[in-house]
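Biologist: I am new to this structure. Please take one part and go through it closely.

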Amino acid sequence: MTGPTTGGHPTGRGLLARARSGGWLAALPLLVFYAVVFGGPAVMIVIGAFTVDGRPSLDNMERSLQGGYLTALLGSVRLSAVVAIAGAVLGTFLAQAVVTSRSRWLRESVLTASGVLANFGGVPLAFLWIATLGNAGVVTTTFGLDRFGWSLYNFWGLALVYLYFSVPLMVLVMTPALDGLRPQWREAALNCGATPWQFWRHVGIPVLAPSLLGGVVLLFGGAFAAYATAAAMVGATVPLVTLMIGDALSGQVLVGHQNVALALSLDMILVAGLVMAVYLPLQRRSARWLR
């Protein structure tokens with residue numbers, strides 16, 4: 001059965017049904033790929049997090065929310081929130097400066113550099129900052145920053161390093177959104193007697209809200225999941241959940257805590273899910289401005 005026909009030819013409803021079925025078939029390889037690559041590991045994480053010596057148990061989850069593990073989880077959430085908010089503010093203002101600039105060369109240079117720096121991380125990024133602002137770094141020794149209590153190897157130093165790739169990422173997110181603000185809207189607001197602040201409060205910010213929220217979530221996730229940069233730069237100085245997972249899996253601190261690492265990974269998934277649960281309703285509400 002192929003649906004209703006007229007004179008041997010499918011009607012509009014039949015063609016629509018065929019198009020939908022064809023769309024699902026075309027997307028089937030991608031769905032299978034996602035199920036294998038993401039679904040398989042997720043299932044293994046859940047099974048391992050609730051298993052102790054081959055038996056179902058909540059011990060791993062309870063242990064992951066106690067003592068140093070809880071401190072590391074909260075530290076990662078705090079660091080990610082600071083980086084996401086600061087990166088969103090700085091990146092938005094930089095993107096606004098790029099969009100309003102009349103220099104095409106400046107715009108292309110900033111966007112190209114942002115595309116490169118947004119993907120620059122790991123051990124090379126840690127080495128760059130250690131060589132520049134570490135205890136024996138060029139800038140630290142030249143200006144004697146250590147006399148003022150400066151240290152790169154703490155919470156705020158790590159947040160500064162994370163901003164190095166977070167701000168460019170926010171620039172890439174916000175530049176197309178700022179380009180979408182029509183000049184006619186500003187002109188209409190000014191003609192009606194609105195101040196620039198009133199325009200941004202009632203028009204600009206609501207229109208940009210979906211992109212802003214999406215950028216904050218993206219920056220939060222990037223900082224929350226980062227591992228190599230923190231491992232190479234601060235080690236155990238700053239408690240982070242990713243570092244705890246690495247130690248538990250490698251057995252560097254405690255042997256036989258691999259399932260605790262899976263429980264910590266599940267905690268990270270739950271935190272990310274909670275952030276998305278807060279973001280999606282706000283995004284839908286803000287998206288009404290774009291209709």
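Which residues do ring pairs link into a cluster? After that, please show me helix α3 and what it packs against.

Modeller: Ring pairs join Phe 33, Tyr 34 and Phe 38 into a cluster. Rings of Phe, Tyr and Trp (its six-membered ring) pair when their centres lie within 6.5 Å; planes under 30 degrees apart are stacked, over 60 edge-to-face, and the rest tilted. The structure holds eight aromatic pairs.

The model is predicted: local features need pLDDT of at least 70, side-chain atom pairs count only at pLDDT 80 or more, and totals for chains, interfaces and linings use all residues. Residues are numbered from 1 along each chain as its sequence is written, and side-chain values use heavy atoms, with hydrogens and water left out.

Start with the whole chain. The chain has 291 residues, and 32% of them count as buried. Buried means under 20% relative accessible area, exposed over 50%, and partly exposed in between, with a 1.4 Å probe and protein chains only. Take contacts (heavy atoms within 4.5 Å) between residues at least 6 apart in sequence: 70% of them join residues at least 24 apart.

Now helix α3. It spans residues 67-100. One partner is helix α11, residues 241-250. The two pack at an angle of about 140°, with their axes 7 Å apart. Axes are lines fitted to C-alpha atoms, for helices over the stretch in contact, and angles run from 0 to 180 degrees between N-to-C directions. That angle makes α3 oblique to α11. Under 35 degrees counts as roughly parallel, over 145 as roughly antiparallel, 65 to 115 as roughly perpendicular, and the rest as oblique. On the α3 side, Gly 68, Tyr 69, Ala 72, Leu 73 and Ser 76 make the contact. Val 241, Thr 242 and Met 244 meet them from α11. By class, this contact has five nonpolar, three polar and no charged residues. Nonpolar covers Ala, Val, Leu, Ile, Met, Phe, Trp, Tyr, Cys and Pro; charged covers Asp, Glu, Lys and Arg; the others, Gly among them, are polar.

Helix α9 is another partner of α3. Here the angle is about 135°, and the axes are 8 Å apart. So α3 is oblique to α9. The crossing is right-handed. A crossing is right-handed if the near helix is turned clockwise from the far one by less than a right angle, and left-handed if anticlockwise. From α3 the contact includes Leu 73, Ser 76, Val 77, Ala 84, Thr 92 and Gln 96. From α9 it includes Trp 200, Leu 212, Phe 220 and Ala 223. The residues of this contact divide into 13 nonpolar, five polar and no charged.

Val 82 is partly exposed, at 25%. Leaving aside neighbours within four places in sequence, Val 82 contacts Gly 87, Phe 155 and Trp 156. Val 82 and Ala 223 are 141 residues apart in sequence, but 9.5 Å apart in space, C-alpha to C-alpha.

Helix α9 itself has a further partner. It spans residues 196-225 and packs with helix α8, residues 183-191, at about 160°. Their axes are 10 Å apart. The two helices are therefore roughly antiparallel. Trp 185, Arg 186 and Ala 189 of α8 meet Phe 199, Trp 200, Val 203 and Val 207 of α9. That contact has six nonpolar, no polar and one charged residues.

Phe 199 and Trp 200 also form one of the aromatic pairs. The pair is edge-to-face, with 5.5 Å between centres and 70° between planes. Phe 199 is buried, at 3% relative accessibility. Trp 200 is partly exposed, at 22%.

Technical notes:
Helix = DSSP H or I, 4+ residues; strand = E, 2+ residues; numbered from the N terminus.
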